[in-house]
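Hi,

Here is the structure I promised to send over. Have a look at it first, and my notes follow below.

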Amino acid sequence: MQKNLVAEFLGTFLLVFGGCGSAVLAAAFPDLGIGFAGVSLAFGLTVLTMAYAVGGVSGGHFNPAVSVGLAVAGRFPAGRLIPYIVVQVIGAIVAAALLYIVASGKAGFELGGFASNGYGEHSPGGYSLTSALVIEVAPTLFFLIVILGSAHGRAPTGFAPLAIGLALTLIHLISIPVTNTSVNPARSTGQALFVGGWALQQLWLFWLAPIAGAALGGLVWKLLDKDD
């Protein structure tokens with residue numbers, strides 16, 4: 001179990017440091033920013049690489065919503081949920097802290113949104129609470145189906161991390177303009193703690209919606225996986 005938790009910490013750390021780091025440091029870099037597409041790819045690559053690196057140790061969740069969805073689908077012991085979620089959140093907070101240290105080293109640094117998730121006036125595109133709820137629930141549902149399906153015994157072996165990483169990239173390409181893309185409560189928590197104020201006030205949605213979507217995804221997969 002200890003090795004599992006270390007692997008989850010490392011995977012969540014890199015997801016936040018790499019994904020949010022690309023948004024904070026590189027997305028709008030003067031004259032050579034990577035933009036939404038680059039940030040989307042950064043999130044997908046972090047999951048892909050760490051799933052190959054430590055997925056064999058812990059299962060490669062790196063996300064409280066994924067852990068919940070796998071438990072609902074019967075693919076993860078419910079008794080391990082709390083320890084996994086705790087280390088995932090800690091990994092995200094440590095990554096956000098190191099990212100803050102790096103970002104604040106630039107002259108004239110302003111914290112701004114710090115890649116936090118938000119809706120209403122804090123949505124990148126000004127989208128409403130309803131839009132944010134839908135864009136967090138639905139993609140997380142399908143993300144769980146991709147995870148469960150690609151790791152199923154009937155799927156080609158060895159390609160699950162690739163499918164999962166590409167799915168997360170696609171989700172970000174769709175939803176960054178709406179909420180800055182969470183689908184991961186740990187990722188949202190780490191950034192919100194440093195922004196405070198509005199980010200903490202809106203954080204509830206980025207726990208509720210991804211977990212609800214993942215739980216629904218787990219239930220849908222149970223129906224798909226039933227023997228006729």
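Where does Ala115 lie? Ala115 is in the loop between α4 (81–103) and α5 (129–150); helices here are DSSP runs of H or I with at least four residues, numbered from the N terminus. A word on the source: this is a predicted model, in which local features need pLDDT of at least 70 and side-chain atom pairs count only at pLDDT 80 or more, while totals for chains, interfaces and linings use all residues. Residues are numbered from 1 along each chain as its sequence is written, and side-chain values use heavy atoms, with hydrogens and water left out.

Back to the backbone. Most residues other than glycine have a negative phi. Ala115, though not a glycine, has a positive phi of about 65 degrees. Ala115 counts as buried because its relative accessibility is 11% (buried means under 20% relative accessible area, exposed over 50%, partly exposed in between, with a 1.4 Å probe and protein chains only). Asn180, in the loop between α6 (160–179) and α7 (185–195), also has a positive phi, near 75 degrees.

Now the rings. The structure holds eight aromatic pairs (ring centres of Phe, Tyr or Trp, the last by its six-membered ring, within 6.5 Å; planes under 30 degrees apart are stacked, over 60 edge-to-face, the rest tilted). One of them is the tilted pair of Phe114 and Phe194, at 6.1 Å centre to centre and 55 degrees between the planes. Phe114 sits in the loop between α4 and α5 and Phe194 in helix α7, 80 residues apart. Ring pairs also link these two with Tyr100 and Phe109 into a cluster.

Best wishes

Key. Helices (H or I, at least four residues) and strands (E, at least two) are DSSP runs, numbered from the N terminus.
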